[in-house]
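Student: I have a structure to read and I am new to it. Please walk me through it, one feature at a time.

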Protein chains: 4
Amino acid sequence: MSVNRKPYQLVSREWQPEDTIIDIGGTKIGGANFAIIAGPCAIENEQQVSTICDFLAKCGVRMVRGGAFKPRSSPYAFQGLKEEGLVLLKQAADKNQQKIVSEVMEVATIPIVAKYADVLQVGTRNMQNYPLLKALGKIDKPVLLKRGMSSTIEEWLLAAEYILSGGNKQVILCERGIRTFNNDTRNTLDLGSLALVKTLTHLPVIADPSQGTGVRDLVIPLSKAAMAAGSDGLIVEIHNHPENALSDGEQSLYFDQFKTLLEQIKAYARLEHRNIQLSSNTEDISV
Amino acid sequence: MSVNRKPYQLVSREWQPEDTIIDIGGTKIGGANFAIIAGPCAIENEQQVSTICDFLAKCGVRMVRGGAFKPRSSPYAFQGLKEEGLVLLKQAADKNQQKIVSEVMEVATIPIVAKYADVLQVGTRNMQNYPLLKALGKIDKPVLLKRGMSSTIEEWLLAAEYILSGGNKQVILCERGIRTFNNDTRNTLDLGSLALVKTLTHLPVIADPSQGTGVRDLVIPLSKAAMAAGSDGLIVEIHNHPENALSDGEQSLYFDQFKTLLEQIKAYARLEHRNIQLSSNTEDISV
Amino acid sequence: MSVNRKPYQLVSREWQPEDTIIDIGGTKIGGANFAIIAGPCAIENEQQVSTICDFLAKCGVRMVRGGAFKPRSSPYAFQGLKEEGLVLLKQAADKNQQKIVSEVMEVATIPIVAKYADVLQVGTRNMQNYPLLKALGKIDKPVLLKRGMSSTIEEWLLAAEYILSGGNKQVILCERGIRTFNNDTRNTLDLGSLALVKTLTHLPVIADPSQGTGVRDLVIPLSKAAMAAGSDGLIVEIHNHPENALSDGEQSLYFDQFKTLLEQIKAYARLEHRNIQLSSNTEDISV
Amino acid sequence: MSVNRKPYQLVSREWQPEDTIIDIGGTKIGGANFAIIAGPCAIENEQQVSTICDFLAKCGVRMVRGGAFKPRSSPYAFQGLKEEGLVLLKQAADKNQQKIVSEVMEVATIPIVAKYADVLQVGTRNMQNYPLLKALGKIDKPVLLKRGMSSTIEEWLLAAEYILSGGNKQVILCERGIRTFNNDTRNTLDLGSLALVKTLTHLPVIADPSQGTGVRDLVIPLSKAAMAAGSDGLIVEIHNHPENALSDGEQSLYFDQFKTLLEQIKAYARLEHRNIQLSSNTEDISV
């Protein structure tokens with residue numbers, strides 16, 4: 001740490017100038033690759049998760065998200081289906097050869113989540129849960145590290161440094177919006193920080209326009225804006241019946257909106273020379 | 001106001017569903033049109049402003065910005081050349097058939113600024129300077145209304161309502177970044193609010209990625225992101241010698257960067273079917 | 001400015017170690033003195049303002065506040081009675097030998113406000129209205145400079161520096177709450193900054209717990225907290241019928257609450273050896 | 001939850017109107033009682049911790065704090081002495097009949113921390129660590145729940161609700177400053193929220209002026225302000241050699257400052273009729 005005056009080291013561009021590219025069963029994130037991760041906020045039941053995964057497969061989406069262990073502000077809110085939910089998501093994803101991203105909330109459930117998920121997500125409330133970060137530094141699966149809702153870039157990169165310094169080099173950062181005085185949107189998607197952090201670290205950085213805005217109709221423009229700002233991918237919430245979703249329905253895309261999103265983001269990818277990570281035989285998403 | 005439960009009226013989409021298009025000597029802002037405004041933060045001297053305006057003319061830029069009356073945090077900082085600066089900018093712009101955007105800080109100097117400028121800018125510190133807004137409601141020139149650095153969308157639209165209710169319908173909104181806990185960038189460019197406000201108002205909305213980030217190297221990615229999010233234009237700071245600029249040098253583009261910005265933003269405009277407002281005979285900016 | 005590395009000078013403790021004490025017709029602010037300013041948010045009519053001023057006189061309050069030129073977010077909201085309001089306030093105050101604090105929003109109305117008011121208030125939205133600050137630097141009346149709602153301490157002190165560098169040394173700073181993510185209170189009264197700014201400047205600093213919280217029932221505890229943190233006074237909103245107030249009724253004290261506030265703040269003043277500025281013959285406020 | 005429209009229940013004043021009073025080996029927090037907790041940020045070595053605890057004992061302080069498991073932004077920063085630190089703190093505290101407050105960062109170390117500490121602290125970064133909160137709902141020791149640095153009051157009370165709904169009714173809330181645009185102080189101590197939350201919940205609420213300001217010289221004024229605003233106690237950092245402290249030295253009080261703090265806070269307690277929880281035979285702290 002003597003030469004490098006930044007408080008972080010392993011995550012820095014000085015330590016590794018070239019982009020880290022993470023390969024998740026053939027789907028790549030980082031470098032020229034642009035990943036699309038989509039799925040429901042929470043896994044609710046077999047029918048919901050299979051309907052969504054099947055639809056996403058037809059769209060060419062190879063990575064699905066779905067929460068089984070849910071951090072909820074209220075102890076009385078739906079807390080997720082836990083392992084049962086992961087089983088459902090795994091069945092639905094396997095049928096479509098899709099990879100899974102799911103949140104892990106504590107050290108004790110890492111083995112359960114890792115049994116089903118291909119990428120373990122750390123949520124915004126846990127970005128500075130250091131025991132969790134240390135434990136994730138010891139596993140051999142990629143970690144999706146969401147930015148804390150009031151985290152500086154330095155704190156965010158230091159959180160990643162916890163994982164890398166533990167031995168796990170596969171960290172994907174995710175800008176998901178910060179908390180500001182502005183309540184017109186749920187959070188303030190901070191694309192300036194996304195662009196800046198890309199210059200500071202070799203790790204891939206993706207954006208969550210669903211959490212970042214909290215408004216369904218803002219997801220498409222902000223998804224495109226994220227790619228324009230340099231994002232390496234998107235994680236997006238989608239639901240077969242958003243109005244009945246058990247959580248975050250108002251920010252979940254309808255199926256038709258998701259198709260529109262993909263069409264537009266593909267055009268952006270061509271312009272930006274990004275290799276969008278979708279199944280090649282599904283370029284036509286007129287499903 | 002009885003039916004419309006929003007506190008603003010004339011600026012709302014309910015009042016006027018179709019986009020307002022503002023025509024500044026042939027350059028249009030709003031609707032499918034996408035405007036590029038560029039220039040130095042402050043007008044410093046004849047040589048500086050003519051060099052920059054000439055360069056911008058070669059790039060096809062038809063609207064130039066430059067501050068003559070500068071709101072500075074310190075009474076001991078350079079306060080601008082005042083009317084002398086406007087004379088210099090007018091000479092440089094006239095030579096190139098360019099239109100002028102310049103800031104007005106008080107009611108008393110509206111006649112002076114309006115004598116030279118085609119668009120009068122209200123800065124972030126004056127967004128709730130109601131006597132100024134009321135006076136600008138009585139002039140017949142467009143007003144560029146920057147968002148207050150801690151302003152909600154409702155406050156911003158109500159500030160525009162002050163101008164429209166005075167009789168001046170030509171208001172261009174400008175998202176220029178909000179003040180948040182995040183100091184890694186000078187401000188936090190709030191593209192979620194930009195996208196949202198476009199759904200609420202018929203007025204054109206542009207972005208200022210220079211103020212919005214404070215970092216030169218973030219201007220290109222955030223300019224593209226702003227267009228992707230739905231912006232109707234950009235206002236960008238540029239300088240022939242940024243390192244010697246009297247203000248905001250670190251966020252002013254070099255000439256070469258500006259050319260790169262234009263190349264990329266033109267490609268984005270084609271993709272988004274936006275009619276970029278540049279002189280047609282200068283599509284080739286290999287000046 | 002060569003030795004002093006702070007960007008401000010005249011307002012600094014380095015420039016003047018001893019506290020500035022401002023004398024408003026015998027009522028002092030600064031040093032050991034603690035001032036109480038109270039009155040309605042807006043002057044509404046003769047009966048309202050005289051009722052309130054008479055009550056305050058019985059309580060010993062020698063400085064009354066009341067807005068005649070009101071900065072309102074909406075152009076359709078009550079904008080104040082303007083000069084007519086100042087006439088009413090002046091009549092009510094003169095009857096009770098009270099001094100007047102009232103807001104000035106623009107250079108053009110300084111003469112009108114200064115004709116009636118003993119202290120000219122600059123509101124939070126105008127803290128960086130530099131033409132206004134410069135003009136106030138040329139008058140010979142005290143200025144009450146409210147902190148901008150998203151202003152740093154440096155920006156606040158530089159705003160005061162504008163006034164002092166113009167020649168007017170009589171500036172009273174006022175912490176009135178900052179805008180944060182927290183919307184449970186209208187603003188976040190920043191008593192840490194109040195305590196800090198007292199170490200940096202010799203100017204008196206008072207607190208506005210009404211604006212600072214927006215909640216009537218929080219005014220008493222926060223008033224005491226402000227004195228504990230080192231405030232040199234309070235500016236408090238009170239109304240004879242808060243539920244019918246034309247503005248800010250929910251944060252205006254009832255008369256009985258104000259009496260309780262005074263009782264408690266007097267006890268605090270004795271403890272802190274502060275010379276509370278109330279008419280001596282009204283120590284007993286069992287009016 | 002049908003009648004009560006607030007999302008929390010057990011923590012609310014509607015559920016329990018009277019103040020919860022928590023008894024920690026004879027030291028009470030809540031109701032008329034006012035608790036003083038003090039100690040170093042981190043336990044560093046035997047000499048440091050015994051010196052500090054002995055000094056605090058002479059001052060009458062019956063509850064000491066000291067971090068053994070430290071949440072640090074950087075993986076390369078001192079992480080605390082862990083159980084060894086708790087052993088040292090326990091020895092020093094036992095000698096003086098003092099009770100211990102120490103932070104627990106994860107479910108797995110609850111038994112270790114609970115073995116030595118009388119109150120388990122949840123830090124600001126873990127306020128929404130729900131597995132930790134649930135586990136703390138099952139123990140029979142008091143929990144000191146710090147407010148998340150960007151937490152709303154509702155989120156804070158819901159975090160407490162997690163603990164109460166698990167069966168543990170002994171929760172002490174702690175306002176420790178929020179993260180705002182203002183960086184002149186480390187955090188913004190939000191005494192308005194402290195006063196407000198006292199009206200919403202029956203749980204005791206204390207303040208941390210050390211974390212809340214980050215500046216040693218602001219601790220005394222903000223401690224008094226916290227009591228004035230209705231706080232039920234203080235948790236303060238102190239060090240025998242602040243300039244050599246391994247963490248947070250700049251906000252740690254010198255011994256002499258702590259004596260001044262106690263003197264002043266005792267006077268405030270008399271004024272506010274608060275029963276300050278100090279050893280009665282040490283009213284004279286001229287140690």
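Student: What should I know before starting?

Tutor: This is a predicted model, in which local features need pLDDT of at least 70, side-chain atom pairs count only at pLDDT 80 or more, and totals for chains, interfaces and linings use all residues. Residues are numbered from 1 along each chain as its sequence is written, chains are lettered from A and ligands numbered from 1 in the order in which they are written, and side-chain values use heavy atoms, with hydrogens and water left out.

Student: How do I read a helix, and how many residues has α2 of chain C?

Tutor: Helices (H or I, at least four residues) and strands (E, at least two) are DSSP runs, numbered from the N terminus. The expected span of a helix is 1.5 Å times one less than its number of residues. Helix α2 of chain C covers residues 83-95, so named by that rule. It has 13 residues. From first C-alpha to last it reaches 18 Å, close to the expected 18 Å.

Student: Which residues of α2(C) are buried?

Tutor: Buried means under 20% relative accessible area, exposed over 50%, and partly exposed in between (1.4 Å probe, protein chains only). In α2(C), the buried ones are Gly85(C), Leu86(C), Leu88(C), Leu89(C), Ala92(C) and Ala93(C). They fall within an arc of 160° seen down the axis, so they line one face of the helix. The arc is that of the directions from the helix axis to the C-beta atoms.

Student: Why can a helix show one face like that?

Tutor: An α-helix has 3.6 residues a turn, so residues three or four places apart point the same way.

Student: What do the buried residues of α2(C) pack against?

Tutor: Contact means heavy atoms within 4.5 Å. The buried residues of α2(C) pack against α1 (46-58), β4 (63-65), β5 (99-103) and α3 (110-116) of chain C. After the helix comes Gln97(C), with a positive phi near 55°.

Student: Now a strand residue. Is Glu237(B) buried or exposed?

Tutor: Glu237(B) sits in strand β10 (residues 233-237) of chain B. Its relative accessibility is 1%, so Glu237(B) counts as buried.

Student: How many salt bridges does the structure hold?

Tutor: A salt bridge is a side-chain nitrogen of Lys or Arg within 4 Å of a carboxyl oxygen of Asp or Glu. Over all chains there are 60. One joins Lys115(B) and Glu83(B), at 3.8 Å from N to O. Lys115(B) is in helix α3 (residues 110-116) and Glu83(B) in helix α2 (residues 83-95) of chain B, so the pair ties together parts 32 residues apart in sequence. Lys115(B) is exposed at 57%, while Glu83(B) is partly exposed at 31%.

Student: Where do Asp256(C) and Lys259(C) lie?

Tutor: Both are in helix α9 (residues 255-271) of chain C, three residues apart, or about one helical turn. Asp256(C) is exposed at 55%, and Lys259(C) is buried at 18%.

Student: How do I read an interface, and what is the area buried between chain B and chain C?

Tutor: Buried area is the accessible area (1.4 Å probe) that two parts lose on being put together, summed over both. Between chain B and chain C it is about 2500 Å², with 51% from carbon and sulfur atoms. Ser73(B), Tyr76(B) and Arg179(B) supply 21% of the area that chain B buries there, more than any other three residues. Each chain brings 31 residues to the contact. The rule finds two salt bridges across this interface. Arg179(B) and Glu155(C) form a salt bridge of 2.7 Å, N to O.

Student: What is the area buried between chain A and chain B?

Tutor: About 2500 Å², and carbon and sulfur atoms give 70% of it. Here 32 residues of chain A touch 32 residues of chain B. Glu272(A) forms a salt bridge with Lys224(B), at 2.8 Å between the closest N and O atoms. On the side of chain A that touches chain B, α6 (191-200), α8 (219-229) and α9 (255-271) each give two or more residues. The largest share, six residues, comes from α8(A).
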